[in-house]
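Below are my comments on the model, point by point. Please read them with the coordinates open.

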Amino acid sequence: MDLELRHLRIVRAVAEAGSVTKAASHLGLAQPALTAQLKRIERVLGGTLFERDHNGARPTPLGELVLSRAMVLLPAARELQEEARRFANATADIPRYRLGATNGPILGGLMDRLATAWPSTPVSTHTSWSARELTSMVMLGRLDFVFIGACGESLPPVEGPVVWLTVGTDPVFVLVNEDHPLADRKEVDLAELADEQWTVTPGDSCFGDCFATACARAGFTPRTIYETDVATCMHLAKVGRAVALCQATFQPAEGLRLVPLTGTPLRWRQLLGWHPEAATASVASSIFEHAKGAHADAVRRSRRYATWLADNPGLGTSP
């Protein structure tokens, strides 16, 4: 048995009443039941709490120690309970949004836009490499909106009645060292990279299958593929150890070049999902518009992508 607040209340009641019999009466318990409970508490605490005789019950030194702690803990627990009730009642009608996202260009810009549009609305975030995990969290009511990616025309994870809208569709570019022979090309055929090693960020979408299919159409099977975090992908590309696959909105660091692939053999759809029966579903259209704005901002920040879009209309932010 673990010590609980109700046990401390019993000890306090016995001390205040001066006897187990009177304490039992005050607590609405039978005296034998309270005596048995007190013995169990004493076993948990390792010693006798009260000296009992015909004059009543007096705390032992151990009892005095427990009482001194009880006099602090019990009022603190009561105050916490009261404060929690006040907070819950005061914030019951305040909207709050819980956002989840995989690696992509939307979340940061969306948070900024929501803070500007709804400054008094709390926003929390959760990120994961797994679109399935995020979708499950929506179904369980642990997230209100999620942003995930899907390759080409593939479907998002189907785990219930989640509504999905496409925020934008982006080409997949490659990230190479600035000294790479193809770094300054306007576009590069995927087949020209047949002898390269590759690096990608992890995920549970269909992208691996899409990439393998695109390579097969280009006439080769990709060599080593390093699946790792963004920082390591950038490092491997920068030192010339691999070519990184990345979203066109990606902002390359110094020493790296973002290069489009001819014919757009790989596309990545940015999706917004939510549960249609959730209380926050009523603001889904507003979240969607803010998400499109955040995506459009990301496109504008990528000069290489913006230039590419001017010559390749039809992709980018959804209308």
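1. L245 and its surroundings. Leaving aside neighbours within four places in sequence, L245 is in contact (heavy atoms within 4.5 Å) with V172, F173, V174, W198, T199, V200, F207, F211 and L266. This is a predicted model: local features need pLDDT of at least 70 and side-chain atom pairs count only at pLDDT 80 or more, whereas totals for chains, interfaces and linings use all residues. Residues are numbered from 1 along each chain as its sequence is written, and side-chain values use heavy atoms, with hydrogens and water left out.

2. The largest nonpolar core. A nonpolar core is here a set of buried Ala, Val, Leu, Ile, Met, Phe, Trp, Tyr and Cys residues joined through side-chain atoms within 4.5 Å; buried means under 20% relative accessible area, exposed over 50%, and partly exposed in between, with a 1.4 Å probe and protein chains only. The largest such core has 23 residues, of which V174, W198, F207 and L245 touch the most other members. Two or more residues come from each of β6, β7, α7 (207–217) and β9. The greatest contribution is that of α7, with four residues. Elements are DSSP runs numbered from the N terminus: helices are H or I with at least four residues, strands E with at least two.

3. The disulfide. With a disulfide defined as a pair of cysteine sulfur atoms within 2.5 Å, the count comes to one. C151 is joined to C210, S to S 2.3 Å. Since C151 belongs to strand β5 (residues 145–151) and C210 to helix α7, the pair ties together parts that are 59 residues apart in sequence. C151 is buried, at a relative accessible area of 3%.

4. Cysteines without a partner. C246 is in no disulfide. Both are buried: C233 has a relative accessible area of 6%, and C246 has a relative accessibility of 10%.

5. Helix α8. In α8 (residues 230–238) the buried residues are C233, L236 and A237. They lie on the same side of α8, because they cover an arc of only 100° around the axis, taken from the directions from the helix axis to the C-beta atoms. These buried residues pack against β6 (163–177), β7 (198–200), β8 (225–227), β9 (243–247) and β10 (256–259). At the N-terminal end, D229 caps α8, with a side-chain oxygen 3.1 Å from the backbone nitrogen of A231. Just after the helix, G240 has a positive phi of about 80°.

6. T264. This residue is not a glycine, yet T264 has a positive phi of about 50°. T264 sits in the loop between β10 and β11 (267–274). Its relative accessibility is 14%, so T264 counts as buried.

7. L114. Helix α5 (residues 107–117) contains L114, which is buried at 1% relative accessibility. Outside four places in sequence, L114 is in contact with L99, P119, V123, I287 and H290. L114 and H295 are 181 residues apart along the chain, and their C-alpha atoms are separated by 14 Å.

8. The β1–β2 hairpin. Strands β1 (residues 50–53) and β2 (residues 56–59) pair in the antiparallel sense over four bridges, where pairing requires at least two DSSP bridges. The two strands form a hairpin with two residues between them. D53 has G56 in β2 as its bridge partner.

Conventions:
Polar contact = N/O pair within 3.5 Å; in protein donor to acceptor, adjacent residues only side chain to side chain.
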